[in-house]
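Here are my notes for your review. Please read them alongside the sequence and the structure.

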Amino acid sequence: MTPLTPLPPPSFISFEPTNYCNLKCPACPSGSGELTRPKGFADLDFFKSIIDNNKKHLINLVLHFQGEPTLHKHLPEMIAYTRKNNVRTEFSTNGNLLANKVQAIVDAKPDKIIISLDGISQETYNKYRVNGDIKKVYESLESLSKIQKKHRPIIELQFLVFNHNEHEIPKLKEIKHKYKIDRLVLKTAQVYGKEQTSLIPKNKKYSRYIIDKEGNPVLKSDLPNSCRRIIFGSVITWDGDLVPCCFDKNAQFKSGNTKDKSLNKIRNSKKHIQFINSVFSHREEIEICRNCTEGLEA
């Protein structure tokens, strides 16, 4: 498969409101402290400029990358401005800070809210969501469930499956029913290195990895030399850097800054196109691609 050149304008963008987080999840670069790039909060006017300059071709805006988006005081304004410009919008949250902001966020009319709940009890939940309070997540779900369906966004409950919580999967149907959740998603967890293999669930159905002879987790499917996301979407950090995809957590492969150049100029720059060509020729050799499930069968 050969990438399209010149690249088309992106039909979806992941925009990072902030890369700060209130939790300390061990397999998350932001929570674990492994994130090396500067931390901060996106400027609201800069965010609006991204919408203004790309709304003609934008279909969907995802308001998360690294960090917890509800930490940004202007998140409702970001959502409302996106919707005002006829762009679908969604964001993912750990739900710990959502309860007190539910009405303001719902009034902004996001199309979807993804809430992570990686355990049914506090004990199980806290094994990964370090510093998290499961009661606050349930409070957020309860507040959302009380809003009339025609006025609230799609609510998706995301459950990262680990060794320590896979036994709780059957109980999730009760949670889904109790809080009137629209969609329940079981998601394979991403881990980094052999020191985190203990997180991998026993049921291979819920793991994206196999363990090699050296004890390292490796993807259980071969990586195809292709990627739709990198062609049709872009990821922008809080301070404007354009990175190829959401797996480039530390902006190692940033192609330029959207405060200096237009998004489409950066997407079609020599540096960006060279990276895309490498994905389409030897994707398995690129570090950030080795943990990615885009295009995999399982």
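1. This is a predicted model. Start with His164. Beyond its neighbours within four places in sequence, His164 is in contact with Thr124, Lys127, Tyr128 and Leu199. His164 lies in the loop between β5 (154–161) and α7 (172–178).

2. Is His164 buried or exposed? The cut-off for buried is under 20% relative accessible area. His164 has 13% relative accessibility, so it counts as buried. From His164 to Thr293 the C-alpha to C-alpha separation is 22 Å, with the two 129 residues apart in sequence.

3. Now the sheet. It is open and has nine strands, in the order β6-β5-β4-β3-β2-β1-β9-β10-β11, with mixed pairing. The edge strands, β6 (183–188) and β11 (256–257), each pair on one side only.

4. Look at β9 (residues 233–236) and β10. Their pairing is antiparallel, over two bridges. Val235 has Val243 in β10 as its bridge partner.

5. Two helices to check against the sheet. Helix α2 (residues 44–54) packs on the sheet and touches β1 (12–15), β2 (60–62) and β9. The direction of α2 makes about 175° with that of β1. Helix α3 (residues 75–84) also packs on the sheet, touching β1, β2 and β3 (88–93). Its direction makes about 155° with that of β3.

6. Last, helix α10 (residues 270–282). With 13 residues at 1.5 Å a residue, α10 should span 18 Å; its end C-alpha atoms are 18 Å apart, so the two agree. Buried residues of α10 include His272, Ile273, Phe275 and Phe280. The buried residues of α10 pack against α8 (228–232), β10 (241–243) and α9 (263–267).

Conventions:
Residues are numbered from 1 along each chain as its sequence is written. This is a predicted model: local features need pLDDT of at least 70, side-chain atom pairs count only at pLDDT 80 or more; totals for chains, interfaces and linings use all residues. Side-chain values use heavy atoms; hydrogens and water are left out. Helices (H or I, at least four residues) and strands (E, at least two) are DSSP runs, numbered from the N terminus. The expected span of a helix is 1.5 Å times one less than its number of residues. Buried means under 20% relative accessible area, exposed over 50%, partly exposed in between (1.4 Å probe, protein chains only). Contact means heavy atoms within 4.5 Å. Two strands pair if DSSP finds at least two bridges between them. Axes are lines fitted to C-alpha atoms, for helices over the stretch in contact, and angles run from 0 to 180 degrees between N-to-C directions.
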